[in-house]
Amino acid sequence: MPILLKLFFAFIQVGLFSVGGGYAAIPLIQEQIVTVYGLMTMEEFSDLITVAEMTPGPISINSSTFVGMRLGGVGGVLLCTLGCIIPSFIICLTLAHFYYKYRTVSGVQSVLAALRPAVVALIASAGMSILMLGLFGTDLFSASIKDIRFVELGIFAVSLFALRKFKANAIVIILGSGVAGTIMYLLLGV
């Protein structure tokens, strides 16, 4: 199967099953691009997610655009982005129609309440994958305490503390982390 077709079908699946927003799509994109098709390594995928997070716009669309460009050029951009958007667009139109028609039915509220824990699990899974790659350079099941990256651990701890304690602006945290990492790696030779 040609790579552009693989990318399109991969992102159709991401668009179909990424219930809960962009962060819930990250493990689905990882599954399709890294695991199923083997088109990227986990490290390349993590770098891509980092860039997608820093750029304006929804992370799932940014990720699909970056994957498409990296693997298929302009054609890949178009097919990945369309693949990610089309299912959501159709599903949203259909659900909006039925939601406004049946929003007072208790069964609808029960279904929405039942989906929330699954969405939280998807987001936590994506966060854990990226955290483990950032701190250990590998996934959760291959991590060893001897492989811990102390610079990344320090930046993570300071960033998390600043976000939780002082409600720091995410842009400041991203820029500050980039500066701190650059100083530690380039200037101090860490």
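Colleague: Is Gln 30 buried or exposed?
Modeller: Compare its relative accessible area with the cut-offs: under 20% is buried, over 50% is exposed, and in between is partly exposed (1.4 Å probe, protein chains only). Gln 30 has a relative accessible area of 16%, so the residue is buried.

Colleague: What pLDDT do local features need here?
Modeller: Residues are numbered from 1 along each chain as its sequence is written, and side-chain values use heavy atoms, without hydrogens or water. This is a predicted model: totals for chains, interfaces and linings use all residues, side-chain atom pairs count only at pLDDT 80 or more, and local features need pLDDT of at least 70.

Colleague: Which residues does Gln 30 touch, beyond four places away in sequence?
Modeller: Gln 30 sits in helix H2. A contact means heavy atoms within 4.5 Å. Leaving out residues up to four places away, Gln 30 touches Thr 35, Met 42, Phe 45 and Ser 129.

Colleague: What pattern does the protein follow along the sequence?
Modeller: Helices (H or I, at least four residues) and strands (E, at least two) are DSSP runs, numbered from the N terminus. The protein has seven helices and zero strands. Read along the sequence, that gives α-α-α-α-α-α-α.

Colleague: How far apart are the end C-alpha atoms of H7?
Modeller: Start with the expected span: 1.5 Å times one less than the number of residues. H7 has 18 residues, so it should span 26 Å; the model agrees, with its end C-alpha atoms separated by 25 Å.

Colleague: Which residue caps the N-terminal end of H7?
Modeller: Look for a side-chain oxygen beside a backbone nitrogen. The backbone nitrogen of Ile 171 has one 2.7 Å away. That oxygen belongs to Asn 169.

Colleague: What is the phi of Gly 189 near?
Modeller: Gly 189 follows H7. Its phi is positive, near 70°.

Colleague: Which helix gives the most to the lining of the largest pocket?
Modeller: On a 1 Å grid over the protein atoms alone, a pocket is an open set of points where a 1.4 Å probe fits, with protein on both sides within 12 Å along at least five of seven lines; lining residues have an atom within 4 Å of a point. Of its 35 lining residues, Thr 50, Glu 53, Ile 130, Leu 131 and Phe 156 are the closest to its centre. The most residues, 10, come from H5.

Colleague: How many charged residues line the largest pocket?
Modeller: Ala, Val, Leu, Ile, Met, Phe, Trp, Tyr, Cys and Pro count as nonpolar, Asp, Glu, Lys and Arg as charged, and the others, Gly among them, as polar. The lining has 22 nonpolar and eight polar residues, and its charged residues number five.

Colleague: Which helix gives the most to the lining of the second largest pocket?
Modeller: This pocket has a volume of about 680 Å³. The top contributor, with 12 residues, is H4.

How values were computed: Points joined across faces, edges and corners; volume = space filled by probe spheres on them. Polar contact = N/O pair within 3.5 Å; in protein donor to acceptor, adjacent residues only side chain to side chain.
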